[in-house]
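Thanks, everyone. I'll take confidence first, then helices, then side-chain pairs. Please keep the viewer open.

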Amino acid sequence: MIDRRVSFLAIILLWMILAPGVALATTVVEDVRTWDGPTHTRIVFDLSASPDHRLFTLEEPDRAVIDLSAGRIDPALVEGIRDAGPIRRIRTGRRDEGIRIVLDLDRALEARAFTMAPNENRGHRLVVDLGKDGEKPPVRTAERGGSEPFVVAIDAGHGGRDPGAVGAAGTHEKDIVLTVARKFADRINAISGLEAVLVRDGDYYVGLRDRTRKAREAGADLFVSLHADAFHDRNVRGSSVFVLSRNGASSEMARMLARTENQAHHIGGVSLSDKDEQVASVLVDLSRAHTVEESLDVADVLLAELGSLGEVHGSGVEQAGFAVLKSLDMPSVLVELAFISNPAEERRLNSADYQDQLARGLTQGTRSYVAATRPTLALGGEADQYKVRQGDTLSAIAQRHATSVGALRRANELGGDTIVAGRTLRIP
Ligand SMILES: [Zn+2]
């Protein structure tokens, strides 16, 4: 009896001595994903256990350093990451009982790190955000639940008595954007974790207030307004993506389009009263510092996808004071699919094949944005495909699709870094 009690105490003592060692389990880095947005670059480390980490930056040369005590990493995971936004490359090395991960940067950047607990879809993660060009990396906001879908409000512009722009061959903007909106919604709804809400689903007019109300009521996380406007110069062509401007329009084109679109809402008989404008601007002030940055992130990936289909008008994402974007307290973009005033584009906009391509590009852009910014959400559905173009690199493709070089290699059974233009890759 006494002997048994002694051995029991011995076990307790032994456990107390060993317990701290048990708590310091090895943290294995299982995958590394990077995403380069306009305001910040994000690196996500998928880990086998909760990390004990430390992050700091060094100068001359500029580096961000992450120490993981009791960490392990296969250097091959980061070897393929080259010139991912401001990250020139990533190096790893042993340090005491753990590892040191060094991000070689092309300039001094603010760095911020946070950990994410596992959910039903993903394990432990360490997320490092690097702010760009004087921007501070975003403060992490509360993530929505892992199982709650990401809702995309798809707003087909115009409708009913407002045809929008009319092409030389008689094509109405309202019809084209509705068709593309429906195709876009079908594709979004085919991906588990994403959900589309059509703000307009028929040939009727929807006022500005009703458009934004519908998006809010649906609990939309993203608002995408689709247009295909006209310009007085019929040679002007290409896709463009706009976000709400804080400092006026970014170009004459942006100013003109904002004016036309804003007038359309008056033509439709529903306009924001002065009071509503004030309410709207308060909402904008409260939310835009946050949502404009997020909107720029979305706009960036959408423009990249549309750019792979054809021409992009102008040099990049443009900003203007679009009323439809003004009262939205969620990331919002306005996409000009093409110019209906250009005869070649009017023809293309009427082709079912081109409409499918546009819907696919919008879906892929949305998917990459969600994958990068809502790491708690596991996106299902068919794996995306990507056709390799001249000059593409694995790391650039991985970055654009918010995946890792390792995952791309595994999904496509690639041995090295060589990829041939024209080959179709599975995007995991
Ligand atoms: Zn329009």
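pLDDT is the predictor's confidence in each residue, from 0 to 100. The protein averages 76, and 72% of its residues reach 70 or more. This is a predicted model, so local features need pLDDT of at least 70 and side-chain atom pairs count only at 80 or more, while totals for chains, interfaces and linings use all residues. Residues are numbered from 1 along each chain as its sequence is written, and side-chain values use heavy atoms, without hydrogens or water.

Where is confidence lowest, and where highest? Lowest is helix α5, residues 252–267, with a mean of 54; highest is α3, at 94. Helices here are DSSP runs of H or I, at least four residues; strands are runs of E, at least two; both are numbered from the N terminus. Two stretches stay under 50. Residues 138–145 have 16 contacts beyond four places in sequence, a contact being heavy atoms within 4.5 Å. Residues 264–289 have 34 such contacts.

Now helix geometry. The expected span is 1.5 Å times one less than the number of residues. For α3, residues 173–189, that gives 24 Å, and the end C-alpha atoms are 24 Å apart, which agrees. α9 is mostly covered, with 17 of its 22 residues buried. Buried means under 20% relative accessible area, exposed over 50%, partly exposed in between, with a 1.4 Å probe and protein chains only.

On to rings. Rings of Phe, Tyr and Trp (its six-membered ring) pair if their centres lie within 6.5 Å; planes under 30 degrees apart are stacked, over 60 edge-to-face, the rest tilted. The whole structure has 1 aromatic pair. Phe150 and Tyr369 have ring centres 6.4 Å apart and planes at 70°, so the pair is edge-to-face. Phe150 is in strand β11 and Tyr369 in helix α9, so the pair ties together parts 219 residues apart in sequence. Both Phe150 and Tyr369 are buried.

Last, charges. A salt bridge puts a side-chain nitrogen of Lys or Arg within 4 Å of a carboxyl oxygen of Asp or Glu. How many are there in the whole structure? The search finds 15. One of them joins Asp31 and Arg410, closest N and O atoms 3.5 Å apart. Asp31 sits in strand β1 and Arg410 in helix α11, 379 residues apart. Asp31 is buried, at 11%; Arg410 is exposed, at 54%. Another pairs Asp155 with Arg211, at 2.7 Å. Both Asp155 and Arg211 are buried.
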